[in-house]
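Please open the structure in your viewer and keep the selection tool at hand.

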Amino acid sequence: MSSAVALEQNFNALSKIIEPCHNIALKVRKLNVSFDGNSYLYRNLDLDIPDGQKLAIIGSNGAGKSTLMRACLGIIPSQSESVHFFDQPVDNRTSRRQKRNVLAKVGFVHQKHNIMERLSVLSNVLHGALGRARFRCLCWNQALAPKQLREEAMECLDRVGLTSLASRPASSLSGGQSQRVAIARALMQKPSLIIADEPVASLDPVAGNEVMALFSELSDETGVTLVFISHHLSHAVKYADRIIGLKQGTINLDVAASNTTVEELGSIYDYA
Ligand SMILES: Nc1ncnc2c1ncn2[C@@H]1O[C@H](COP(=O)(O)OP(=O)(O)OP(=O)(O)O)[C@@H](O)[C@H]1O
């Protein structure tokens with residue numbers, strides 16, 4: 001075998017082992033969270049989430065899944081050596097303005113979708129542009145929003161398959177449709193990262209699967225980093241690239257989704 005062929009084979013083998021060099025969407029060092037000043041939910045926790053990754057966070061009730069994301073975003077108080085979103089620091093030393101700029105890149109989708117029922121679907125989606133400095137004023141109302149913004153909102157609705165419902169009052173939607181509107185609203189932010197906290201907890205299994213498939217497709221198509229918190233182990237295995245599990249204030253599992261099964265995760269977390 002020639003040395004060039006051997007070298008190529010070595011390189012191919014190595015590139016399967018070494019992760020490609022990504023930018024980091026979230027880099028956390030030595031995160032500490034305490035609600036009472038005595039006991040700690042997290043102590044010296046480190047976490048890296050590469051840009052473009054689809055990460056599932058699992059763990060029992062009260063394990064601290066939501067708190068982890070909220071602490072990183074500065075929504076609840078914490079101490080850390082450093083927290084960076086896309087290389088931008090967010091910690092106790094960061095100004096409010098800088099935090100706001102970083103948060104503007106993060107789209108949230110919650111279990112309770114928080115859409116405004118008295119407004120139309122399109123007006124709800126337009127609300128996603130509120131964090132964008134150029135469009136603060138009245139841009140959320142479909143009658144007053146600039147044409148360009150309405151077109152963008154229609155594109156976001158198209159991505160979630162709901163253009164035909166744009167004029168409908170949000171109060172007339174099903175749970176699955178409402179969650180799609182919440183996703184369209186998050187997309188309107190032009191996010192670099194979407195954090196979905198139990199996004200399908202209130203949906204039936206079919207609607208839940210459809211919404212998770214939509215998240216996964218959006219991440220694959222646009223490259224947006226996706227972090228979803230879930231009690232559905234099958235969703236973690238099916239829709240994530242990587243799964244981390246939390247237990248007693250530590251990350252006690254960090255695995256490629258392709259290397260695990262629902263049964264294996266169920267045996268670790270005591271629920272299947
Ligand atoms: N603001 C707060 N003040 C005091 N304790 C809090 C606060 N927020 C969360 N906690 C506590 O921190 C722990 C972790 O809560 P968290 O909501 O992060 O858990 P979780 O893993 O997301 O749970 P679930 O799966 O039930 O949503 C819980 O014991 C909770 O009571």
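Helices (H or I, at least four residues) and strands (E, at least two) are DSSP runs, numbered from the N terminus. Residues are numbered from 1 along each chain as its sequence is written. The model is predicted: local features need pLDDT of at least 70, side-chain atom pairs count only at pLDDT 80 or more, and totals for chains, interfaces and linings use all residues.

E198 is not a glycine, yet its phi is positive, about 45°. E198 counts as partly exposed because it has 17 C-beta neighbours inside 10 Å (buried means 20 or more other C-beta atoms within 10 Å, exposed 12 or fewer, partly exposed in between, with C-beta atoms placed from the backbone).

Next, select the open sheet of 4 strands, whose order is β2-β1-β4-β5 with antiparallel pairing; two strands pair if DSSP finds at least two bridges between them. Its edge strands, β2 (42-50) and β5 (88-89), each pair on one side only. Strand β4 (residues 82-85) runs antiparallel to β5 and is joined to it by 2 bridges. Within this pair, H84 stands opposite P89 in β5.

The phi of F86 is near 50°, a positive value in a residue other than glycine. Is F86 buried, exposed or partly exposed? F86 counts as partly exposed, because 16 C-beta neighbours lie inside 10 Å.
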